[in-house]
Amino acid sequence: MLPLAVLEEVQAEIVDYGSAGMSIIEMSHRSPPYEAVHRGAIALLRDLLAVPDDFEVLFIQGGATMQFGMLPLNLLTGSSAGAYVDTGAWASKAFEDAAHHGDVYEAWSGRDIGYTRMPQAAELSLRRDTRYVHLTSNETIGGIQYKEWPDVAEPLVADMSSDLLSRRVPWERFDVVYGGVQKNVAPAGLALVFIRRSALEHTPRDLASYFRYDVHASKDSMYNTPPVFPIYVMEKVLRWIQDRGGLPAMEAAADARAGLLYQTIDESDGFYTSPVDGASRSNMNVVFRLSDHDLEPQFVAVASGRGMVGLKGHRNVGGCRASIYNAMPMAGVEALCEFMADFQESVG
Ligand SMILES: Cc1ncc(COP(=O)(O)O)c(C=O)c1O
């Protein structure tokens, strides 16, 4: 979901941008109007996320999935290894792809407990040659999220695709934060990569140029034609976040939305249940089941009839899932909770 105000602004200026007589998506990416958008988006990201000066902010196509490969290609040089924390579907994908490009190992897996929680630092088995510890900040499908970052000595790398810009980042712990933008920030077509400059010093130079973080960094993410449309929309979303009070406000809103939904689940006398551990409950993707699983298709269909779509859980896990990203107003969650109570009463 994107903020309606942003969509309307895009609609109003898509044909003729700033009286230029053409759309922003028709202009050269070297034109002053686009350059202003591009640099404005980087500045807003730095400001909102309090990105330190010794980090580069990169815009790279290919989504988070390409980062699964690009990360080990760039960081696992020499004899170092990447530790991967297997917390669900997306962490597993990151690990599988990284294994094509470097020495990686599983530091922990939640497979045997059905991926119902994030691990504690003490549970991670880390090798001495570990270059980074890869985490998936929020498992979009399984509905679990780190509330505390594991306190380990090694630099953290996080895939934050599904909670980017909904929480502050303690940069001192990270070498890289990356994520596809299409959940919380902009339309698909772009990944954000925040990388510590010192990590670029040893990246290999014998890779095709697009795969090199240092090349993107040296050209301000304009080595080749950037994905103009998602960056243009993102710049507006970032201003929308800034106008609402920045990340502290996004965090508070996410807590309030998720809090209400989990409360509705917890107070339903077992009609609805949350399959995940209380300490790892995601603020972005609330996964729940109906105790009578057979009622789930009906629940999803009736909700859809009331204009609430996308509540069916991911095909790999079943059940239901409410994705409540930054742009979801509290009223949307209130409407869902009301519907959940009505539905319970109607079939109970
Ligand atoms: C946590 C997480 N990581 C990675 C991805 C893959 O992102 P992309 O489609 O941008 O490659 C997703 C997509 O949903 C995701 O939720």
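In this predicted model, the chain exposes about 14,800 Å². Carbon and sulfur atoms supply 51% of that area. Of the 348 residues, 55% count as buried. Charged side chains comprise 29 positive and 45 negative groups. The centres of the two sets lie 4 Å apart.

The chain has 10 helices and 12 strands. Its radius of gyration is 21 Å, close to the 20 Å that the globule rule gives for 348 residues, so the chain is as compact as a globular protein of that length. Along the principal axes, the C-alpha atoms fill a box of roughly 65 × 60 × 30 Å. Contacts were also examined by sequence separation. Among those between residues at least 6 apart in sequence, 64% join residues at least 24 apart.

Helix 8 spans residues 246-266 and has 21 residues. From first C-alpha to last it reaches 30 Å, close to the 30 Å expected at 1.5 Å a residue. Its buried residues are Gly246, Leu247, Met250, Glu251, Ala254, Arg257, Ala258, Leu261, Tyr262, Thr264 and Ile265. An α-helix has 3.6 residues a turn, so residues three or four places apart point the same way. The cover over the buried residues of helix 8 includes both helices and strands. Among the helices are helix 2 (32-48), helix 7 (228-243) and helix 10 (330-347). Strand 10 (272-273), strand 11 (285-290) and strand 12 (320-323) also contribute.

Three loop positions were considered individually. Alanine 20 lies in the loop between helix 1 (4-13) and helix 2. Because its relative accessible area is 40%, alanine 20 is classed as partly exposed. Alanine 20 and aspartate 269 are 249 residues apart along the chain. Their C-alpha atoms are separated by 59 Å.

The other two positions concern backbone geometry. Most residues other than glycine have a negative phi. Tyrosine 115 is not a glycine, yet has a positive phi of about 55°. Tyrosine 115 sits in the loop between strand 3 (103-109) and strand 4 (130-136). Leucine 165 also has a positive phi, near 65°. Its place is in the loop between strand 7 (156-159) and strand 8 (174-180). Leucine 165 has a relative accessible area of 0%, so this loop residue counts as buried.

Terms used
Residues are numbered from 1 along each chain as its sequence is written. This is a predicted model: local features need pLDDT of at least 70, side-chain atom pairs count only at pLDDT 80 or more; totals for chains, interfaces and linings use all residues. Side-chain values use heavy atoms; hydrogens and water are left out. Helices (H or I, at least four residues) and strands (E, at least two) are DSSP runs, numbered from the N terminus. The radius of gyration is taken over C-alpha atoms; the globule rule is 2.2 Å times the number of residues to the power 0.38. Buried means under 20% relative accessible area, exposed over 50%, partly exposed in between (1.4 Å probe, protein chains only). Contact means heavy atoms within 4.5 Å. Accessible areas come from the Shrake-Rupley method with a 1.4 Å probe; for residues, only the protein chains shown count as cover. Lys and Arg count as positive and Asp and Glu as negative; His and the chain ends are not counted. The place of a charge is taken as NZ of Lys, CZ of Arg, CG of Asp or CD of Glu. The expected span of a helix is 1.5 Å times one less than its number of residues.
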